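Hello,

Here is the structure I promised to pass on to you. Have a look at it first, and then read on for what turned up in it.

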Amino acid sequence: MDKQDKQGRQSPSGKQARQQDAQASDARPVLEGPDIARVLTRIAHEIVERAKGADDVVLLGIPTRGVFLAQRLAAKLEQITERKVPCGSLDITMYRDDLRMHPPRALARTEIPGDGIDGRLVVLVDDVLFSGRTIRAALDALNDIGRPRAVQLAVLVDRGHRELPIRADYVGKNLPTSLRETVKVLLAEEDGRDTVLLGAKPDPQ
């Protein structure tokens, strides 16, 4: 999920970036590496239980960090079921409802497993669920690719403040927040370490 949806802001630059770095140093961790590993294991077991074995499950991560989480979940599902679970990524950039309001965004990759998604149980995977608008865009993108049997949502953190009637089926941690706070997920694949940070929202420039 992009920073605009998770934190209500765009990627920083210049003075704003320095200010955010200073405020990030005051952010407190709410999940550390071992916590993230545990909640992903729990989510994997919940998927197997609800899907009755996960035979037809396809995991699609929403770039960027949702893709890494989906890959980790796929590995855990393979350990549990002893079967390889298809895993891919779903870019939602062109389906966002704020494209006209912000500068152009770089496109990420959409990679659909070879057997497709038709008739399958697709589990969308993202790092933070906030307004719900990223997930709405993901559902629109998915509709252009195929017709799943059902679609579910797994998120590492649900921070509340929904603007659309969207909820997650699998949640690593429900984290009550105010709109003056930010939630930042760091993952080893992208950031060199695993943690979830809760901090103050930067003052507008």
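A word on naming before we start: helices (H or I, at least four residues) and strands (E, at least two) are DSSP runs, numbered from the N terminus. By that scheme, T134 sits in helix α5 (residues 133–143). Please keep in mind that this is a predicted model, where local features need pLDDT of at least 70, side-chain atom pairs count only at pLDDT 80 or more, and totals for chains, interfaces and linings use all residues. Residues are numbered from 1 along each chain as its sequence is written, and side-chain values use heavy atoms, with hydrogens and water left out.

Now the overall picture. The protein has 6 helices and 8 strands, and from the N terminus on they come in the order α-α-β-α-β-α-β-β-α-β-β-β-α-β. Of its 205 residues, 50% count as buried (under 20% relative accessible area, with exposed meaning over 50% and partly exposed in between; 1.4 Å probe, protein chains only). Taking contact to mean heavy atoms within 4.5 Å, residues 24 or more positions apart account for 71% of the contacts with a separation of 6 or more.

Back to T134: this residue is buried, at a relative accessible area of 0%. T134 and T93 are 41 residues apart in sequence, and their C-alpha atoms are 9.0 Å apart in space.

Next, the interior. A nonpolar core here is a set of buried Ala, Val, Leu, Ile, Met, Phe, Trp, Tyr and Cys residues joined through side-chain atoms within 4.5 Å. The largest one has 34 residues, and those with the most contacts inside it are V57, L59, L156, V157 and V196. Elements giving two or more residues to this core include β1 (28–32), β2 (57–61), β5 (150–158) and β8 (195–200). The largest share, 7 residues, comes from α3. A second, separate core of 19 residues includes V58, I92, A141 and L142. As for V196, leaving aside its neighbours within four places in sequence, its contacts include P29, L31, I36, L156 and V183.

How do α3 and α4 pack? Helix α3 (residues 33–50) and helix α4 (residues 65–81) meet at an angle of about 60 degrees, with their axes 9 Å apart. That makes α3 oblique to α4, since angles under 35 degrees count as roughly parallel, over 145 as roughly antiparallel, 65 to 115 as roughly perpendicular and the rest as oblique. (Axes are lines fitted to C-alpha atoms, for helices over the stretch in contact, and angles run from 0 to 180 degrees between N-to-C directions.) Among the residues that meet are I36, L40 and I47 in α3 and L69, L73 and I80 in α4.

Finally, some backbone details. The peptide bond from P63 to T64 is cis, with omega near 5 degrees, and T64 is found in the loop between β2 and α4. Which loop holds K52? K52 lies in the loop between α3 and β2, and A54 lies in the loop between α3 and β2 as well. K52 has a positive phi of about 55 degrees although it is not a glycine, and phi of A54 is near 65 degrees, a positive value in a residue other than glycine. K52 is exposed, with a relative accessible area of 74%, whereas A54 counts as buried at 5%.
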